[in-house]
Structures are given as C-alpha cells and as structure tokens.
Amino acid sequence: MSKRAATGFKGIALAPVTENTLTSYKASAAESLPYAGSMSRTSKESTTDLYYDDDLYAQIKDVMGEDVELRMAEVPLDRMADLGLGAYDETSDTLEADFNAAGKEYALRFVVDTVSGLPFYFNYRLFQLTGIKFDNFTTKKDSVTVCEVILTGVFKRPNLTSLAPWAVMQLKEDKSNQAKCTSFISAAENKPGA
C-alpha cells in the first residue's frame, strides 16, 4: 500500500460560487493562486485529541465550521479582479479594490503531496470569505519587501442538502487519472447533475 504521509500542499485555487440554494449549487471555473505560502485551520473539535502523527495523513473528518487562514506570498492584481474583489484596469495596471468580503463564497481546492508521490486532490465546496488583510515581509539580503496577502474564511456546508460539503480524489499509481484529477480542482461544478 502506498504511504499517505503528507509532505506539503500546492495548487490552491478558488472557484467563485455563483449559486448556493436548497435546489442548486454552481461554482464557476477555479482561479489559481500560484504563490501559496501556508494554510491553517482552527479546529472546532473540543473533545478530540489529535497527535502529531494524525496530522500527517489525509484525514476523512468533518471540518465544517472551522476557521481557515490562507497566506499567499502574492496574489496578482488581475487575479483579485477575477475573484470578484475589484475591477482591474489593464491600461493603468490598477486594481480598484473592494475587499468587503461579507457574503463572498468560493469552492476552495488544493493538492496535498504525499511521500508516495500520489497526491490527494481536495475540493471544499463552500469556503466563505470573512476577511482579506495584508502583511509585509522582507526576503533575504537586499531583496524588496513583499506584500503577503492573508485570506481568512470558514468552511461551511452547501445549502443543497444532498451535496456533500467536500470531495477528494487521489492520483492512481499508473497516473491514468491525471486528467480527471486536474479537472477536478479546476473545472466549473454544477449540482445536482443532469
């Protein structure tokens, strides 16, 4: 059996949720965030003890209601516009930003690398953005100061009761499902399916 120990994550993408009702769920194609730094969750489980080894494996557990913080080394200005956080003017290279995050919902998708080289592909269907803030850090030597973008939000359950709140795929050993895995974290999603 292939080892499942996680070695890191990559391929973070946000897919704007365009419909979240009792009868329908729609998320548009995902917009990748290429400069992911870290992701942390604040667990809502108060009665479960988790030890270091538990956290190394892809866990099948309920994460609804957990606060999430994503730290990105950079989010390109045009990508912020694609995510509905402002209007980007290509002529002046300016983002007229609106970081009022109230009510903005996205499907949060990412890849978790494993020791075996067979990553897991996660699709959390409802990540409600609660805030965007910026922090500065300086790289080594005489490099410029970089503006770190910090996205905060919470995992929620979609209003469509028949829809699971998240789904996961794993790359097969022969990599025969690579195209399906890539589509899984990038394609638009419509539920319930026809």
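This is a predicted model: local features need pLDDT of at least 70, side-chain atom pairs count only at pLDDT 80 or more; totals for chains, interfaces and linings use all residues.

Biologist: Is Arg125 buried or exposed, and at what relative accessible area?

Modeller: Arg125 is found in strand 9, residues 120-138 (strands are DSSP E runs of at least two residues, helices H or I runs of at least four, numbered from the N terminus). Leaving aside neighbours within four places in sequence, Arg125 is in contact with residues including Val17, Tyr25, Tyr106, Trp166 and Glu189. Buried means under 20% relative accessible area, exposed over 50%, and partly exposed in between, using a 1.4 Å probe and protein chains only. So Arg125 counts as buried, at 7%.

Biologist: Which residue's backbone oxygen does the side chain of Arg125 reach?

Modeller: Ala164 and Pro165 are both among the contacts of Arg125. A polar contact is a pair of N or O atoms within 3.5 Å; within protein, one must be able to donate a hydrogen and the other to accept it, and residues adjacent in sequence count only if both atoms are side-chain atoms. At 2.9 Å, the backbone oxygen reached is that of Ala164.

Biologist: Moving on to strand 5, which side chains point to the buried face?

Modeller: The side chains alternate along residues 67-72.

Biologist: Which residue stands opposite Leu70?

Modeller: Strand 4 (residues 36-42) and strand 5 pair in the antiparallel sense over 6 bridges; pairing takes at least two DSSP bridges between two strands. Standing opposite Leu70 of strand 5 is Met39.

Biologist: How many Å separate the C-alpha atoms of Arg71 and Glu148?

Modeller: Arg71 lies in strand 5 and counts as partly exposed because its relative accessibility is 23%. A polar contact of 3.0 Å joins its side chain to that of Glu69. Beyond four places in sequence, Arg71 touches Tyr35, Asp135 and Glu148, among others. Arg71 and Glu148 are 77 residues apart along the chain, yet their C-alpha atoms are separated by 6.8 Å.

Biologist: How much space lies in the largest cavity?

Modeller: On a 1 Å grid over the protein atoms alone, a cavity is a set of points where a 1.4 Å probe fits but cannot get out, and lining residues have an atom within 4 Å of a point. Grid points are joined across faces, edges and corners, and a volume is the space filled by probe spheres set on the points. The whole structure has 1 cavity of 30 Å³ or more. The space in the largest cavity is about 50 Å³.

Biologist: Which strands each supply at least two residues of that lining?

Modeller: Leu14, Val75, Met80, Leu83, Leu85, Leu129, Ile132, Val149 and Leu151 line the cavity. The strands in question are strand 9 and strand 10 (145-155).

Biologist: What is omega for the peptide bond from Lys191 to Pro192?

Modeller: Pro192 is found in the segment after strand 12 (189-191). The bond is cis, with omega near -5°.

Terms used
Residues are numbered from 1 along each chain as its sequence is written. Side-chain values use heavy atoms; hydrogens and water are left out. Contact means heavy atoms within 4.5 Å. On a 1 Å grid over the protein atoms alone, a cavity is a set of points where a 1.4 Å probe fits but cannot get out, and a pocket is an open set with protein on both sides within 12 Å along at least five of seven lines; lining residues have an atom within 4 Å of a point.
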